[in-house]
Amino acid sequence: MITKYTHGKPVPTEAVTAVLPSQSPDSFPFACEWENGKFRFTFPMADGDIVYGLGEAPRGINKRGWVYESYCSDDPFHTETKSSLYAAHNFILLSGSRTFGVFVDFPARVRWDIGYTKADTAVITIDGADFDIYVLTDGAPRDIIRAFRRAIGKSYLPPLWAFGYQQSRWSYPDAATVDSVIEGHNAAGIPLDCVYLDIDYMERYKDFTVNADAFPDFAAYVKEKRAQGIHLIPIIDAGVKKEDGYSVYEEGRANGYFCKKEDGSDFEAGVWPGMCRFPDFLNPEVRRWFGEKYKTLTDCGIDGFWNDMNEPALFYSAEGIEKALDEAASLKGENLDLSRFFHLKDVFMGLSNAQEDYARIYHNIGGTLVNHQRVHNLYGASMTKAAGEYFQRAFGEGKILMFSRASYIGAHRSAGIWFGDNHSWWSHILLNLKMLPAANMCGFLYCGADLGGFNENATRDLVLRFLALGVFTPLMRNHAALGTRDQEGYRFENPADFRDVVQVRYRLVPYLYDTFVKARENDDLIFRPLSLDYPDDKIARECETQLMLGEECMIAPVYEQNVSGRTVYLPEDMTFVKLSGERVTKQPLAKGLHYIDVALNEVPLFIKKGKSIPLCRPAMRTGELDLSSVETLCS
Ligand code: MIG
């Protein structure tokens with residue numbers, strides 16, 4: 001059962017598609033209070049209760065013992081002491097002594113103190129008075145999740161080729177580099193479906209332009225790559241370069257389509273292209289206009305995109321820079337003591353994504369100017385919606401690959417997400433794993449992390465172990481930052497190991513795609529914490545390093561360096577399968593704890609008793625998979 005409680009006049013977020021009557025918060029089932037215009041509610045947590053949810057967020061599958069904040073943040077350090085990442089996914093689920101779900105539909109800050117201040121209490125603080133809260137009760141955790149997912153509408157459906165292996169880097173700036181990446185994979189026998197174009201493919205970082213020196217005949221080039229079975233996936237940034245004569249800028253300016261400042265002038269901030277203006281995606285007319293811009297690239301044969309910097313990320317504003325420079329000038333010739341030195345440093349460090357800058361932005365919502373801070377978490381989601389609405393109109397469902405960095409629940413109907421700028425750290429394999437079921441609960445089925453890690457240098461073994469998890473994630477993309485070590489599989493010693501791992505993905509495409517489609521149809525999860533399936537099994541309840549996949553499987557990636565395997569817990573008898581290239585080895589294992597050996601070129605998988613999954617022969621492209629000769633891998 002879902003009950004909707006409304007207070008004030010909430011900004012429409014379109015997160016929930018189900019039409020439900022509103023109850024007044026007087027009958028709200030949790031203890032609540034108002035403080036300084038903020039609404040706060042609390043609930044007790046018994047020992048052993050688990051709190052799931054919050055989608056793309058730091059820390060564990062069980063969110064207890066930390067404080068999270070919903071505020072879409074461009075933060076490339078995903079350490080465990082962070083509270084916010086790029087997304088705002090305001091759904092939680094308590095399971096244990098009681099079972100209920102809560103969705104806070106509110107696009108500004110929400111603070112989730114899940115036993116951080118008091119271990120046995122959850123305190124949720126909403127930074128405003130206009131909100132909807134949905135409370136879901138009755139049924140097992142999975143039933144509640146399904147009820148929530150039904151209420152928020154069907155998840156985005158990617159094309160089948162989006163389940164192929166995808167190679168990215170900041171940047172492959174020109175056709176010759178892209179060709180060498182494809183050639184590198186071909187020569188090493190590593191299957192590949194997509195190559196990414198990061199910001200350097202554009203002309204001076206201008207959205208919907210292509211640098212003609214790098215790609216002299218872009219449409220012909222895209223066509224040539226498609227003939228080789230490769231999709232090129234360009235990035236689109238939220239900020240539009242301020243440049244006279246640039247049509248997107250000129251049209252946006254002439255029509256009043258950019259976000260404003262309080263005085264009615266356009267808000268500006270520096271991002272990659274230098275000074276930019278920011279389309280007011282919260283306005284449906286602007287969405288329609290910006291969405292149509294993608295046509296420039298789809299007309300060239302492009303059928304996939306990634307939307308970046310849409311929290312939005314702001315490097316600096318003119319106001320911020322001026323203030324910082326004044327501050328610096330005032331200190332010229334001074335003998336800086338420590339506190340003044342660090343203050344000066346903070347002034348410059350604080351220029352990016354500054355709260356004062358977000359507070360300068362205004363949106364036009366139904367003719368009223370609304371301050372950005374009241375709707376911050378809708379910005380990236382609305383950019384993605386702009387594109388999604390266009391793709392739906394122009395191509396229908398399942399044709400265009402798209403995922404976004406920032407998101408809010410509701411955007412799951414338009415696109416997938418990726419988990420942003422992680423690091424080439426071993427701990428980020430597990431972080432990736434832990435986000436998967438949480439993202440699924442919030443409707444995001446097509447998702448994945450930068451495999452191998454984005455920031456800093458990866459090692460060969462890390463990339464292989466990361467990929468062995470990525471074999472199962474709908475988005476399987478290797479991506480790395482500018483200036484870091486080359487991270488394509490064929491760049492390392494013995495690329496055959498990479499071929500072995502990526503081939504496993506291709507063998508599993510029929511199974512993974514089918515599992516995806518079923519989860520989408522049934523408003524269900526692809527990935528589940530073990531505790532959802534084995535609620536009475538203490539070890540399963542506390543397991544944070546393994547996941548159930550579909551109805552048939554369990555996954556348990558190796559996540560540490562210099563180990564030959566890992567300990568795995570089987571909540572029931574299962575068959576341990578090792579997949580490597582075309583090789584398959586099977587070993588029945590009894591319920592309980594086991595140490596499993598897994599070589600760097602092997603992908604471990606567990607199949608439940610009595611279950612089986614289809615396996616096809618590997619191929620170099622998803623389009624070459626022979627889906628008619630599928631063998632059955634039985635437990
Ligand atoms: O400020 O386009 O998360 O994937 O490679 C960095 C360059 C901007 C951030 C994205 C990352 C991408 C990078 N972008």
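Biologist: How far is an oxygen atom of the ligand from an N or O atom in the side chain of Arg-405?
Modeller: In this predicted model, the distance is 3.0 Å.

Biologist: And from an N or O atom in the side chain of Asp-421?
Modeller: There, an oxygen atom of the ligand is 2.4 Å away.

Biologist: What about the ligand nitrogen and Asp-308?
Modeller: A polar side-chain atom of Asp-308 lies 2.8 Å from a nitrogen atom of the ligand.

Biologist: How much of the ligand's accessible area does the protein cover?
Modeller: On its own the ligand has 350 Å² of accessible area, and the protein covers 94% of that.

Biologist: Which residues come nearest to the ligand?
Modeller: Of the 13 residues around the ligand, those are Asp-198, Asp-308, Arg-405, Asp-421 and His-479. By type, the shell has 8 nonpolar, 1 polar and 4 charged residues.

Biologist: Switching to helices. How do α7 and α8 cross?
Modeller: Helix α7 covers residues 318-330 and helix α8 residues 338-349; their axes come within 9 Å and cross at roughly 160°. Angles over 145 degrees count as roughly antiparallel, so α7 is roughly antiparallel to α8.

Biologist: Left-handed or right-handed crossing?
Modeller: α7 passes α8 in a left-handed crossing.

Biologist: What joins Trp-170 and Ser-171?
Modeller: A cis peptide bond, again with omega about 0°. Ser-171 is in the loop between β13 (165-167) and α2 (175-188).

Biologist: What is phi of Asp-138?
Modeller: Near 75°, a positive value in a residue other than glycine. Asp-138 lies in the loop between β12 (131-136) and α1 (141-152).

How values were computed
Residues numbered from 1 in each chain as written. Predicted model: local features only at pLDDT ≥ 70, side-chain atom pairs only at ≥ 80, totals over all residues. Heavy atoms only, no water. Near = heavy atom within 4 Å. Polar contact = N/O pair within 3.5 Å; in protein donor to acceptor, adjacent residues only side chain to side chain. Areas by Shrake-Rupley, 256 points an atom, 1.4 Å probe, with all protein chains shown as cover. Nonpolar A, V, L, I, M, F, W, Y, C, P; charged D, E, K, R; others polar. Axes fitted to C-alpha atoms, helices over the stretch in contact; angles between N-to-C directions. Helix = DSSP H or I, 4+ residues; strand = E, 2+ residues; numbered from the N terminus. Parallel < 35°, antiparallel > 145°, perpendicular 65-115°, else oblique. Left-handed = near helix turned anticlockwise from the far one by under 90°.
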